[in-house]
Amino acid sequence: RKTLELRTFGPFLLIFSFYFKLTSFIILFLMAYNRKQQEMSPSASPIKKKSKPPTTDDMVDKMANTVAHFEDILRTELTAMRNEFASHMSVVQSLCSKLDLLTGEMREQKKVVADHDRRVAALEQQVVDLQDRNRRSNLRLVGLPEGSEKDDPMGFVKRSLSTWLPSLAGKEIEVERAHRVYTRLSSDRAKPRVFIFKLLRYTDRELILRAARLHAPVKTSDGATLSFFPDFSPVTAKRRSAFAPIRKEMREAGIQNFLLYPATLKVILNQGEPKMLYSPEGSRVFLRSHSSSNSQ
């Protein structure tokens, strides 16, 4: 900002300084000339002497000498001021050139940063997609009491699936891994840790999810309620969880909805026409407009 002010007002300040000094020298010249005139006048001397009155030529010569003397002084000062002004203008031009150079470099840097931001966003999306693909055969089991699996979590899941979901009886479902989420054990036994198990085939995951919807609510022999969910990366899970409040409101309003991958809400209207909603905010606007139209 200071550089811009110098660029804008610097030349005007230098020109003003130049004319101020020029005016000062002219005033000094006039004052000195007036003083010389007073000294040459007979009334200026305290002692009255009889002297030969100066002739017109003498007065002209003295005036010419005085004017020449002040012309030399003024010329010297003007030359110095001109050189100083040129020096300042050179500095101002150099600063302006540097400012233009810095402005151009900053503009290029902004383009580079914007390009890097786009590339980073694309790479982050690729990482999220890879994480989701790596988890596509996983299932998250919520509500299973702590310690139910004992020391054999894989065998426990294989034995219990047909009990929890009778439609899976006779199905050969292979479990590769099973474990609790590695978080601090909650002191509240009513909120057990999430149980995650990885299936060999993706089709088995879809089969279990359909059976869980068919037999909902799923209960254990101890009366605990179980919920099955797909396993997603933290980024995708956060995006999907943002739809939870509006989905609950839609279910209470009697609107059938499904959450598609990665985070798209599919709404089925009364006429059977599907509508895709891509953000919680847009879903809330749709719900308000739908409620107002039904009330009318």
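Author: Let's start with Asp-204, which sits in helix α4; helices here are DSSP runs of H or I with at least four residues, strands are runs of E with at least two, and both are numbered from the N terminus. Bear in mind that this is a predicted model, where local features need pLDDT of at least 70, side-chain atom pairs count only at pLDDT 80 or more, and totals for chains, interfaces and linings use all residues. Residues are numbered from 1 along each chain as its sequence is written, and side-chain values use heavy atoms, with hydrogens and water left out.

Reader: Why is Asp-204 called buried?

Author: Buried means under 20% relative accessible area, exposed means over 50%, and partly exposed is in between, using a 1.4 Å probe and protein chains only. Asp-204 comes in at 8%, so it counts as buried.

Reader: Which residues does Asp-204 touch, leaving out those up to four places away in sequence?

Author: Glu-172, Ile-173, Glu-174 and Leu-199. A contact means heavy atoms within 4.5 Å.

Reader: And what makes Lys-150 exposed?

Author: Its relative accessibility is 69%, so Lys-150 counts as exposed. Lys-150 lies in the loop between β1 and α3, and its phi is near 55 degrees, a positive value in a residue other than glycine. Most residues other than glycine have a negative phi, and most peptide bonds are trans.

Reader: What makes β6 and β8 edge strands?

Author: They belong to an open, antiparallel sheet ordered β6-β7-β8. β6 (256-260) and β8 (274-277) each have a single partner strand, so one side of each lacks a neighbour in the sheet.

Reader: What angle does helix α6 make with β6?

Author: α6 (residues 244-252) lies across β6, β7 and β8, at about 155 degrees to β6. Angles run from 0 to 180 degrees between N-to-C directions, with axes fitted to C-alpha atoms, for helices over the stretch in contact.

Note on methods. Pairing = 2+ DSSP bridges.
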